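Open the model in your viewer and show the side chains. This tour tells you what to select at each stop and what is there.

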Amino acid sequence: METGTFLPSDNPKVPAAQFPFHHCLPVQMRFTDIDMLGHLNNNVYLTFMDLAKVNYFSDVLPEGMDWNSINAVVVHIGCDFYSPSYFNESLEVWTTVTTVGERSFKMEQRIVNSVTCQTKCVGTTVMAGFDPATAQSKAIDRHWVECVEKYEGRKL
């Protein structure tokens, strides 16, 4: 699937995407990711989304991520599952930032079969600005917001 596009789901329960996804990360499933029912374990979906978030931030910032100065933390994660995934299924994580406030921002991620475009799940994450030195919340870095707006091609 070409990034920047999103096909509607054949499952009417999957909500329509609000924005196109410009970031796509293919993920590799491991045998140990499969549960007793032969499905991808639900915890692994969140691990895939975490990996895609890190990749997204690295791609968005022209200077790359400075892992010694993390300035945002996860304060909420939600995930709705629509279709099971099975071993050796080709999966991708699509990621976008949907909104940015003064002290937090919201991301949407979808795990999608890269062959059929079937949406497996839709996840949302709220991240808040954070100062590790004081362990207190802080405003979202404006440079970061500008980089995301440029990457996403829209005002947030």
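## Stop 1: an exposed loop residue

Select Asn88: this residue is exposed, with a relative accessible area of 63%. Bear in mind throughout that the model is predicted. Asn88 sits in the loop that runs between strand 2 (72-81) and strand 3 (91-100). Now check the backbone. The phi of Asn88 is positive, near 70 degrees, and the residue is not a glycine. Most residues other than glycine have a negative phi.

## Stop 2: the strands around strand 5

Next, show strand 2 and strand 5 (119-131). Strand 2 and strand 5 run antiparallel and are joined by nine bridges. Pick out Val74, which stands opposite Met127 in strand 5.

Follow the chain from strand 4 into strand 5. The two form a hairpin with five residues between them. Select Cys117 in the turn, where phi is positive at about 65 degrees.

Now go to the other end of strand 5. Strand 5 and strand 6 (136-137) pair in the antiparallel sense over two bridges. Phe130 stands opposite Ser137 in strand 6. This hairpin has four residues between its strands. Ala135 lies in the loop there. Ala135 is not a glycine, yet has a positive phi of about 55 degrees.

## Stop 3: the aromatic rings

How many aromatic pairs does a search of the whole structure find? There are eight.

Tyr151, at 25%, counts as partly exposed.

Phe105 lies in strand 4 and Trp144 in helix 2, so the pair ties together parts that are 39 residues apart in sequence. Both Phe105 and Trp144 are buried.

Now select Tyr56, Phe57, Phe105, Trp144 and Tyr151 at once. Ring pairs link these residues into a cluster.

## Stop 4

Move to Glu152, which is found in helix 2. Is Glu152 buried or exposed? Glu152 is buried, because its relative accessible area of 4% is under the 20% cut-off.

Show what surrounds Glu152. Leaving out residues up to four places away in sequence, Glu152 touches Pro20, His22, Tyr56, Thr95, Thr96 and Val97.

Finish at Arg154 and Phe19. Which part of Phe19 does Arg154 lie over? Arg154 lies over the face of the Phe19 ring, at 3.7 Å from the ring centre.

Definitions and conventions:
Residues numbered from 1 in each chain as written. Predicted model: local features only at pLDDT ≥ 70, side-chain atom pairs only at ≥ 80, totals over all residues. Heavy atoms only, no water. Buried < 20%, exposed > 50% of the residue type's maximum accessible area, 1.4 Å probe, protein only. Phe/Tyr/Trp six-rings, centres within 6.5 Å; stacked < 30°, edge-to-face > 60°. Lys NZ or Arg CZ within 6 Å of the ring centre and 35° of its normal. Contact = heavy atoms within 4.5 Å. Pairing = 2+ DSSP bridges.
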